[in-house]
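Subject: Structure handover

Hello,

Here is the structure I promised to pass on. Please open it next to this message and follow along.

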Amino acid sequence: QVQVVESGGGLVQPGGSLRLSCGASGSIFKVTAMGWYRQAPGKQRELVALDSNVDGTSYGDAVSGRFTISRDKAKNTVFLQMNSLKPDDTAAYYCYARIANRSWKYNDYWGQGTQVTVSA
């Protein structure tokens with residue numbers, strides 16, 4: 001069993017900042033990637049930021065230059081610092097983790113989502 005739990009969402013004014021946190025726990029052999037996706041009502045889920053052991057760090061075009069992902073590999077945690085927030089950033093933000101078991105079988109895990117609302 002693996003659990004992925006995120007926190008840190010909320011209501012913020014345009015131009016403000018928020019920091020999201022996420023931790024993975026349970027039967028983990030190796031975390032190979034962690035990151036963030038988001039989904040706004042009526043839209044598809046999209047990449048926000050991803051930190052991969054193999055491919056490094058990548059960002060969605062909509063957030064590049066404003067958001068920063070960081071990861072503590074020893075603690076299986078990932079953070080998302082969001083600055084200069086815009087109303088278009090309003091969405092449910094989901095933490096993602098790609099985890100290998102001891103047989104090197106990879107599985108994708110998702111958190112329950114945390115709501116970020118940017119509004120005056």
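Below are my notes on the sheet, the aromatic side chains and the salt bridges. Please keep in mind that this is a predicted model.

**The open sheet**

Start with the four-stranded sheet. It is open, and its strand order is β1-β3-β8-β7. The pairing is antiparallel. The edges are taken by β1 (2-7) and β7 (67-72). Each of these has a single partner strand, so one side of each lacks a neighbour in the sheet. On average, neighbouring strands here are turned by 15° against each other, direction ignored.

Now go through the pairs in order.

- β1 and β3 (residues 18-26) are antiparallel and share six bridges. Ser7 has Ser21 of β3 as its bridge partner.
- β3 also pairs with β8 (residues 77-82), again antiparallel, over six bridges.
- β7 and β8 run antiparallel and are joined by six bridges. Ser70 sits opposite Phe79 of β8.

β7 and β8 form a hairpin with four residues between the strands. Look at Asn76 there: its phi is positive, near 55°.

As a reminder, strands of a sheet pair through backbone hydrogen bonds, either parallel or antiparallel.

**Aromatic pairs**

Next, the rings. The count comes to five aromatic pairs. Two of them involve Tyr37.

Take Tyr37 with Tyr96. The ring centres are 5.8 Å apart and the planes stand at 70°. Planes over 60 degrees apart count as edge-to-face, so this pair is edge-to-face. Tyr37 belongs to β4 (residues 30-39) and Tyr96 to β9, so the contact ties together parts 59 residues apart in sequence. Are these two residues buried or exposed? Both Tyr37 and Tyr96 are buried.

Then take Tyr37 with Trp110. Their ring centres lie 5.2 Å apart, with the planes at 70°, so this pair is edge-to-face too. It links distant parts of the chain: Tyr37 in β4 and Trp110 in β10, 73 residues apart. Trp110 is partly exposed, with a relative accessible area of 37%.

Which residues form one aromatic cluster? They are Phe29, Trp104 and Tyr106. Phe29, Trp104 and Tyr106 also make a nonpolar surface patch of about 310 Å². Trp104 is placed in the loop between β9 (91-100) and β10 (106-110). Its relative accessible area is 46%. Buried means under 20% and exposed means over 50%, so Trp104 counts as partly exposed.

**Salt bridges**

Last, the charges. Side chains of opposite charge can pair when their charged atoms come close. How many salt bridges does a search of the whole structure find? It finds five.

Asp89 lies in the loop between β8 and β9, and Arg66 in the loop between β6 (56-59) and β7, so the pair ties together parts 23 residues apart in sequence. Asp89 and Arg66 are both buried.

Arg98 is in β9 and Asp108 in β10, 10 residues apart. Arg98 is partly exposed at 31% relative accessible area. Asp108 is also partly exposed, with 41% relative accessibility.

Salt bridges with shared partners join Arg38, Glu46, Arg66 and Asp89.

**Where to look first**

I would begin with Tyr37, which pairs with Tyr96 and with Trp110. Then turn to the patch made by Phe29, Trp104 and Tyr106.

Best wishes

Conventions
Residues numbered from 1 in each chain as written. Predicted model: local features only at pLDDT ≥ 70, side-chain atom pairs only at ≥ 80, totals over all residues. Heavy atoms only, no water. Patch = residues over 30% accessible without salt bridge, like charges linked within 9 Å, V, L, I, M, F, W, Y side chains within 5 Å. Areas by Shrake-Rupley, 256 points an atom, 1.4 Å probe, with all protein chains shown as cover. Salt bridge = Lys/Arg side-chain N within 4 Å of Asp/Glu carboxyl O. Helix = DSSP H or I, 4+ residues; strand = E, 2+ residues; numbered from the N terminus. Buried < 20%, exposed > 50% of the residue type's maximum accessible area, 1.4 Å probe, protein only. Pairing = 2+ DSSP bridges. Axes fitted to C-alpha atoms, helices over the stretch in contact; angles between N-to-C directions. Phe/Tyr/Trp six-rings, centres within 6.5 Å; stacked < 30°, edge-to-face > 60°.
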